[in-house]
Amino acid sequence: MSVTTEAVTDQRHRSVGDLLDSGAITEVEVAWSDQFGHALGKRVPADQFRSRAEASGFGFCNGALAWNSNARVIESLRSTNWNTGYPDAFAVPDLSTFRELPWRPGVGHVISDIVDHDRTPSPLDPRGVLRRVIERLEALGYTAKVGAEFEFYLLNADGSIFQDDVHAYSLQNANTLEPVLSELYSVLREFTSLEGLLTEYGPGQVEANLVYSEALDAADDSARLKYAVKEIARRNGKLATFMPKPFSEHSGSSAHLHISLWRDGEPVLAGADGTESQVGLHAIAGLLEHLPSITLFGAHSVNAYRRYVPGSFAPATLTWSRDNRTSAVRSLLEPKPAATRIELRTGASDANPYWLIASALAAVVAGLEARRNPTEPQTGNLYDVGVRLPESLSVAIALARSDDAIVDILGADSVHDFAEIAQSEWDEYSSAVTDWEFRRYLENS
């Protein structure tokens, strides 16, 4: 930690202390994330927060980190199971993440790291997985900055569409989403580092862009964004969904990452000749080589794989380009080296931001360590060029388990447990009889 970072952190701690001492904050939400990005936590009286935060933290059953999207605890994990008795884990607040909660006056919100009884990081903590990858990147001499984009649908509370316009970037379309969109904008400006909101290519679909920041900060901001979007929609009688493909006839929702690498405070992705530097090429090569096996961590649901189809503005093949939205990886070369970045376009909107960013950076780390160059950048319509992205959750799980380099960087136990939870999603889906099957085969069989 630099002297400057220490000073900022100390100031944040003093600010939290001042808020608690003055009585301005009467309650604190101690927050953390489950594997699929659901916002978990405890509401704690402010007069108890500091002593517990500075001691062991806030205990909870670690089974809450072992369940799937339907909150069914999966028994086949290494890190916790019936044989371990599902013991306590402890949420240790990171006070640098403290924010006042915009929609509940007098309430604070802080994001936590998760540790086990022996105070070591829990392999079940998605934030801890990202921390581990950041440390691996720093050992190579680099830091990463990330700008995240998340798409979502604003719907009626019953999930139905309440406006039909699909014009992306439309201010008129945005006006039809009032008053919820203005309230959402105000809350996100206060609660996150919001760069902007815009309408997307589906009825009621919105994209939220966050200002690029250090990788861990970007993931924290993304977690806050998703929590806030869901809650502000609910308070307005609407449903906000990050489901990747809620409507077969309309655009899916993605999570795009814009990644830049820095060394000694200077950007390193751009070369002197205006093309990618060697570091940039190695990073792109790493993403391309390992993209099939990291897809799972940005697309953990069965539904996410319905996005990877030609002509959808989501990628479909293992390709890279310069500013071409038919590719999975875009190299965005800008006049200012600090703005040059790599965009990864495969993430689904329901991705856990910590796993999404961690897996992308793990592929970058693998590329930097291997020091290989990618093929030449591709041009034109790339939907029918190259190897297809994983066609299903089942395929993505198998690929994630088989990539030794990525498993090593992310952590073997963490990958195993995430894959087991994702497998439960596939198993439940595979055993369900769908409406499509019923309509198609009942009378014709």
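Student: Which residues line the largest cavity?
Tutor: In this predicted model, the lining of the largest cavity is made by Leu291, Ile294, Thr295, Gly298, Tyr308, Leu344, Thr346, Gly347, Leu356 and Ser359.

Student: And which elements give two or more residues to that lining?
Tutor: Those elements are α7, which runs over 278-298, and α8, which runs over 353-370; the largest share comes from α7, with 4 residues.

Student: What volume does the largest cavity have?
Tutor: The volume of the largest cavity is about 60 Å³.

Student: How do the residues of its lining divide into nonpolar, polar and charged?
Tutor: The lining of the largest cavity holds 5 nonpolar and 5 polar residues, and no charged residue is found in it.

Student: Switching topic, how many cavities of 30 Å³ or more are there in the whole structure?
Tutor: The search of the whole structure finds 2 cavities of 30 Å³ or more, and the second largest cavity holds about 30 Å³ of space.

Student: OK, which residues line the second largest cavity?
Tutor: Its lining is formed by His282, Ala285, Gly286 and Glu289, together with Ala366, Gly367, Ala370 and Arg372.

Student: Which element gives the most to that lining?
Tutor: For the second largest cavity the most comes from α7, with 4 residues, while α7 and α8 each supply at least two residues of the lining.

Student: How many charged residues are in the lining of the second largest cavity?
Tutor: There are 2 charged residues in the lining of the second largest cavity, along with 3 nonpolar and 3 polar ones.

Note on methods: Residues numbered from 1 in each chain as written. Predicted model: local features only at pLDDT ≥ 70, side-chain atom pairs only at ≥ 80, totals over all residues. Heavy atoms only, no water. 1 Å grid on protein atoms, 1.4 Å probe; cavity = no way out; pocket = protein on both sides within 12 Å on 5 of 7 lines; lining within 4 Å. Points joined across faces, edges and corners; volume = space filled by probe spheres on them. Nonpolar A, V, L, I, M, F, W, Y, C, P; charged D, E, K, R; others polar.
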